[in-house]
Amino acid sequence: MATRSVIGYIREDGSYLGTYCHYDGYPSSVGVTLLQMSPEDIKIIVLQGIVKGGLRSLGKGSLNDVEYFNEVWSEARRDTIPGGEEYTYILGLDGNWTCLNRQGNDIPPDTWPLS
């Protein structure tokens, strides 16, 4: 069974841009992996996810490990927070992460490995 998430970032104009991720959306999995990635890589993954129909899985945090669906799916792009999945990850302009669960509760990054 999938634990769905949305991975995204705040753009310079203050808007949110994200993409769907199907598997391992828990903070202890996707969250920890995101903490190890550069903001530039996150932006590449999000943009590629939008074009390639979302992420099947994030893998181990390398751009080469990301698995995309490689299909057209207009709903892979997310412009609202939260996205409706179990977790929504938001990279802020300051480089800090926020994670919201489906109920909109914030899950601080320092608790992600423990989730």
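Reading buried residues, rings and cysteines

Mentor: Start with tyrosine 89. Its relative accessible area is 0%, so tyrosine 89 is buried. Keep in mind that this is a predicted model.

Trainee: Is tryptophan 112 buried or exposed?

Mentor: Tryptophan 112 is buried, again with a relative accessible area of 0%. The cut-off for buried is under 20%. We will meet both residues again.

Trainee: How do I read aromatic rings?

Mentor: A pair of aromatic rings is described by the distance of the centres and the angle of the planes. How many pairs are here? The structure holds three aromatic pairs. Take tyrosine 20 and tryptophan 73: the ring centres are 5.3 Å apart and the planes stand at 85°, so this pair is edge-to-face.

Trainee: Where do tyrosine 20 and tryptophan 73 lie?

Mentor: Tyrosine 20 lies in strand 2, residues 16-21. Tryptophan 73 lies in the loop between strand 4 (67-68) and strand 5 (77-78). The pair therefore ties together parts that are 53 residues apart in sequence. Tyrosine 20 counts as buried at 6% relative accessibility. Tryptophan 73 is partly exposed, with a relative accessible area of 29%.

Trainee: What about tyrosine 89 and tryptophan 112?

Mentor: Their ring centres are 5.4 Å apart and their planes are at 85°, so this pair is edge-to-face. Tyrosine 89 lies in strand 6 (residues 87-91), and tryptophan 112 in the segment after strand 7 (97-101). This pair therefore ties together parts that are 23 residues apart in sequence.

Trainee: Now the cysteines. How many disulfides are there?

Mentor: A disulfide is a covalent bond between the sulfur atoms of two cysteines. The count here is zero disulfides. Cysteine 21 is in no disulfide, and the nearest cysteine sulfur, that of cysteine 99, is 12 Å away. Likewise, cysteine 99 is in no disulfide; the nearest cysteine sulfur to it belongs to cysteine 21, 12 Å away. The cut-off is 2.5 Å between the sulfur atoms.

Trainee: Are cysteine 21 and cysteine 99 buried or exposed?

Mentor: Cysteine 21 is buried, with a relative accessible area of 0%. Cysteine 99 counts as buried at 0% relative accessibility.

Trainee: Which residues is isoleucine 90 in contact with, leaving aside its neighbours within four places in sequence?

Mentor: First place the residue. Isoleucine 90 is found in strand 6 and counts as buried at 8% relative accessibility. Leaving aside neighbours within four places in sequence, isoleucine 90 is in contact with Gly8, Ile10, Tyr16, Ile81, Asn96, Trp97, Thr98 and Leu100.

Trainee: And how is isoleucine 90 placed relative to glutamine 103?

Mentor: They are 13 residues apart along the chain, and their C-alpha atoms are separated by 15 Å.

Notes
Residues numbered from 1 in each chain as written. Predicted model: local features only at pLDDT ≥ 70, side-chain atom pairs only at ≥ 80, totals over all residues. Heavy atoms only, no water. Buried < 20%, exposed > 50% of the residue type's maximum accessible area, 1.4 Å probe, protein only. Phe/Tyr/Trp six-rings, centres within 6.5 Å; stacked < 30°, edge-to-face > 60°. Helix = DSSP H or I, 4+ residues; strand = E, 2+ residues; numbered from the N terminus. Contact = heavy atoms within 4.5 Å.
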